[in-house]
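Me: I have a structure open and would like to go through it with you. Could we start with the overall picture and then turn to individual residues?

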Amino acid sequence: MATVVRIVEESSTVMGEVFDRNRAAEELRLREFDASVKIQAWFRGARVRAYIKYLNKCATIVQKLWRAFLGRRLYREIMATQVMIMRMNFYNALATKIQKIWRGYYTRKYIHNYYSRKQYLEGLMVKNSIVRKELSEYAEQKAVEREQAEQEAGQMKLKEEASKKHYLISTDVVPGIYNSPFKPYPDEMEFILRSVQPRPPEGPKPKRDNRSGIIIPQTPPLPLTEPLPPIGAKIQVCVVSCYSPCTPTQPKVETKLLVVQDIVHHPSLPQPNHYCLNHFIHQLAPNFRFPFSQRDKYE
């Protein structure tokens, strides 16, 4: 009973404490929830991070082992290749040395014999001396020919200049500039002028158009309407005309005055009629003037 009485007496205080504790717990419930969430998040994060770290470590170990295996295999392949290359180089060096020794022996014994080589070089020296002698003679001959050609070209050029200046040659009356009377003998150019012919005059220069510069072709001569009679017929006509009586109706004769004069003054013919001759000459050339002639004695 005493216990019940004491519990009843203390029940008021217990209920207050429970209420206080419930109120404090309610006040701290959100804070404790946040704290528990944080604790759980940290723990779970630590656990996950530890697991990921473990996985990374395991993966690293696997990769290390696999890469080591691949590296050892590749190394063995590379070493095998290098050993093969070293062996081939060694074998090639030995083969090259053997070939060198054999080829030297074969060449010295069967191809390049010392005595035959010496004989060949001696013959080559003799042939070279002969060829050099022939080349020197050929060069001298070419030099002489070149000199002769230059002299001929100079002579041709000198003769061409002399033909251009042929008017400077001296005559019996007037001495030229290369044949001075104050010198005992004429210059060499004087003899060259005497030995060459004068240069023929140049033909007429072609006419060109003043604007375009094109050469204007020369006009061809007019064709004759009637062919001239032969020379014998002209002489016969002249003789008949000169020695026949002059009539006003006598036709004109187309001939040259030189042919007429030769016929008139020929010694085998008698003296012609002067009036008929004068009339005949007037018919041939009415406006002809005889230089240094004695035409007045026929009038």
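This is a predicted model: local features need pLDDT of at least 70, side-chain atom pairs count only at pLDDT 80 or more; totals for chains, interfaces and linings use all residues.

Me: Fine. How many helices and strands are there in the chain?

Reply: The chain has six helices and zero strands. Read from the N terminus, the order of elements is α-α-α-α-α-α.

Me: And what share of the residues is buried?

Reply: Of the 299 residues in the chain, 12% are buried. The accessible surface of the chain is about 27100 Å², and carbon and sulfur atoms account for 62% of that surface.

Me: Let us move to helix 3. Which residues are buried there?

Reply: Met189, Glu190, Ile192 and Leu193 are buried in helix 3. Viewed down the helix axis, these buried residues fall within an arc of 160 degrees, so they line one face of the helix.

Me: Which residues are exposed on the other side of helix 3?

Reply: Glu188 and Ser195 are exposed on that other side.

Me: What covers the buried residues of helix 3?

Reply: The cover includes helix 2.

Me: Are the two partners, Glu190 and Arg194, buried or partly exposed?

Reply: Glu190 has a relative accessibility of 0% and counts as buried. Arg194, at 46%, counts as partly exposed.

Me: How many salt bridges does a search of the whole structure find?

Reply: The search finds five salt bridges. One of them joins Asp20 and Arg23, with 3.5 Å between the closest N and O atoms.

Me: Where do Asp20 and Arg23 sit?

Reply: Both are in helix 1, residues 2-111, three residues apart, so they are separated by about one helical turn. Asp20 is partly exposed, with a relative accessible area of 39%, and Arg23 is also partly exposed, at 45%.

Me: Which residue does Lys183 meet in a salt bridge?

Reply: The side chain of Lys183 meets that of Asp187, at 3.5 Å from N to O. Lys183 is partly exposed, its relative accessible area being 45%. Asp187 is partly exposed as well, with a value of 25%.

Me: Change of topic: where is Ser163 found?

Reply: Ser163 lies in helix 2, which covers residues 114-164.

Me: Is Ser163 buried or exposed?

Reply: Ser163 is buried, because its relative accessible area is 14% and the cut-off for buried is under 20%.

Me: And what is Ser163 in contact with, leaving aside its neighbours within four places in sequence?

Reply: With those neighbours set aside, Ser163 is in contact with Val196, Gln197, Pro198 and Arg199.

How values were computed: Residues are numbered from 1 along each chain as its sequence is written. Side-chain values use heavy atoms; hydrogens and water are left out. Helices (H or I, at least four residues) and strands (E, at least two) are DSSP runs, numbered from the N terminus. Buried means under 20% relative accessible area, exposed over 50%, partly exposed in between (1.4 Å probe, protein chains only). Accessible areas come from the Shrake-Rupley method with a 1.4 Å probe; for residues, only the protein chains shown count as cover. Contact means heavy atoms within 4.5 Å. A salt bridge is a side-chain nitrogen of Lys or Arg within 4 Å of a carboxyl oxygen of Asp or Glu. The arc is that of the directions from the helix axis to the C-beta atoms.
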